[in-house]
Amino acid sequence: MFRSLSFVAAFCALLLLGPMAARAQAPADVAPADLAGDWSGVLSIQGHDLHLVFHLDPGGASTMDSPDQGAKGLPVSAVTETGGKVRIELANLHIAFEAARSADPAVLDGQFLQGGASFPLKLARAPLTVGPKAPPPPADLVGDWWGLLPAPGGLQLHFAFHIRADAASTFDSTDQNITGVPIAGVSEAAGKVRFDLKPGIAFFEGQHSADGATIDGQFHQGEAAFPMKLQRGLPPVVNRPQTPKPPFPYRSEEVGYENTVQKVHLAGTLTLPQGKGPFPVVLMITGSGQQDRDESLLGHKPFWVIADYLTRRGIAVLRVDDRGAGGSTGNFAASTTADFVTDVQAGVAYLKSRPDIDRKHIGLIGHSEGGVIAPIVAAEDPSIAFIVMMAGTGVPGDQILLYQEKWALTSSGMASDKVTRQLATNRKIFDLIETDVDAETAHKQVAALLTAQLKADGMPPEQVEKGAEQGAAVFTSPWMRYFAKYDPAPTLRRVRCPVLALDGSKDVQVPVELNVPVIKAALKNNPDATVEVLPGLNHLFQHAGTGMPDEYAKIEETISPEALKIIGDWVMAHAGK
């Protein structure tokens, strides 16, 4: 899935404390001895204070507490010091703290990092002082509440608030694989209800109905507000009949390995057919945006479905958590497509190290941005036996992103003249960020362009500066600057191994008419390249009505049986089976 500009701007860093991954993560680096002990500080965000305490253990069992959010013992994945700069990471939560050493050994004055956001935070060796414990919630709110949040691009996200009498209330966004997030506060006055997640930043506020069965209001995140109506009960259980269920006629192994080039630990699942091997293998490569190893989205787990299908046919499959997701470490927000290439190369090296893997038959399957990464790896490594591109692109990234933006704005009902103005601004922004101008200058220039655009669009003056700054941060992120400029066609022309490129005729994110002709032309001299458009399938390769993302969650099918068969038959033919 490619990162829509609107979606990224609205939903990056949704929660301070995201999901706790169920999978084991890499052991934390041992904290330098002189850092061992408790460090506490107060994180101030838009006038609201969050108390944080880090328990740094020289044995590697470091944790973090956020008592204002009811969170305790959150595992620290790494504590490192390089050149006098201390870094503490919580990979599962995409959080880090960085500070340079100072003359005072009892103080670390630095920045709290989450996603692309950065907030000042000073830690000190001092007892943690917090305010009084939050009062229990009103009795008439105790129970489960759920509602649908309309997200950009037509998506609808299932939100659930679990209000408990003991004040240990939690929040879930199951479509985003976020569960068990502590709710910082629950209040009700004159029928007006408020559930605080990130105080002052992310909260739900609404009016309690007279019969007590619904709460009609809005979910707020920063300056944005989205209408949402809560009702009592739990969200409906989505039916995903293709999600694999035990017993399995193959083995699953939790694995981990290092990207030594960029010092990232990667964690995944390797499924192996019964027997000793060596087995041909496929390494799965996720689409853009931070994904887990199953490429989970809206209840679907497409990479697990593909892995199950192929392993049952005798092909080993390795699927891996992206940087900072699940059991993998690393700073996802600061990474580019080129960095993700090194993660895949590390995975290939790991597979070659295993005696149960056939080194001559290692293939890659990449979806969306993964379909951009796979050819880069194959072009550089002649040992790659084959690649499968699922909704990969053929044109430069800025063309994809402008197409997506036009589609998103038009489908939202925006007036055509306003769409034209915004696209013109975005074109100017891409022309700017694709130059070699330094990051600070690029940010200032993009913010200036967005400020003019937002004023012309009639945004309230008090919101213009913040909106422009947020937009500039998205456009000038390392990933965006790299991806917008990258042209996949020259790389495709260099790929010599067999290629299967599949696209859905109803894909509105990587449209056939824009990409397939270019992919065909780039692969024309490859004697074993197949490019096929599958009728009626969307970007996820589901049978679809319109192909719009608002259908993804409503469709029970995770991936069409014909797409699975085409992939399976082609891989079997190229894997020595």
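Visitor: Leaving aside neighbours within four places in sequence, which residues is Asp-322 in contact with?
Guide: In this predicted model, Asp-322 sits in the loop between strand S22 (316–320) and helix H3 (337–352). Once neighbours within four places in sequence are set aside, its contacts are Thr-286, Gly-287, Gly-289, Gln-290, Gln-291, Ser-328 and Phe-332.

Visitor: Is Asp-322 buried or exposed?
Guide: Good one to check by eye. A residue counts as buried under 20% relative accessible area. Asp-322 has a relative accessible area of 14%, so Asp-322 is buried.

Visitor: Which backbone nitrogen does the side chain of Asp-322 reach?
Guide: Gln-291 is among the residues in contact with Asp-322. The side chain of Asp-322 comes to 2.8 Å from a backbone nitrogen, and that nitrogen belongs to Gln-291.

Visitor: And Thr-243, is that buried or exposed?
Guide: Thr-243 belongs to the loop between S18 and strand S19 (250–259). Not counting residues up to four places away in sequence, Thr-243 touches Lys-301, Trp-304 and Val-305. Its relative accessibility is 16%, and therefore Thr-243 counts as buried.

Visitor: How many bridges pair strand S17 with S18?
Guide: Look at residues 214–221, which form S17 and run antiparallel to S18. The number of bridges between S17 and S18 is 8.

Visitor: Which residue in S18 does Trp-146 stand opposite?
Guide: Strand S10 (residues 143–150) runs antiparallel to S18 (residues 224–232), and 2 bridges join them. The residue in S18 that stands opposite Trp-146 is Gln-231.

Visitor: How many residues of helix H4 are buried?
Guide: Helix H4 covers residues 370–380 and is mostly covered. Its buried residues, including Val-372, Ile-373 and Ile-376, pack against strand S21 (279–285), H3, strand S23 (357–367), strand S24 (386–390) and helix H10 (489–494). Of the 11 residues in H4, the number buried is 10.

Visitor: Which residues have the most contacts inside the largest nonpolar core?
Guide: That core has 66 residues. Take Leu-351 as an example: not counting residues up to four places away in sequence, Leu-351 touches Leu-270, Val-281, Leu-283, Leu-318, Ile-357 and Ile-362. The residues with the most contacts inside the core are Leu-318, Leu-351, Leu-364 and Ile-387.

Definitions and conventions: Residues numbered from 1 in each chain as written. Predicted model: local features only at pLDDT ≥ 70, side-chain atom pairs only at ≥ 80, totals over all residues. Heavy atoms only, no water. Pairing = 2+ DSSP bridges. Helix = DSSP H or I, 4+ residues; strand = E, 2+ residues; numbered from the N terminus. Buried < 20%, exposed > 50% of the residue type's maximum accessible area, 1.4 Å probe, protein only. Polar contact = N/O pair within 3.5 Å; in protein donor to acceptor, adjacent residues only side chain to side chain. Contact = heavy atoms within 4.5 Å. Core = buried A, V, L, I, M, F, W, Y, C linked by side-chain atoms within 4.5 Å.
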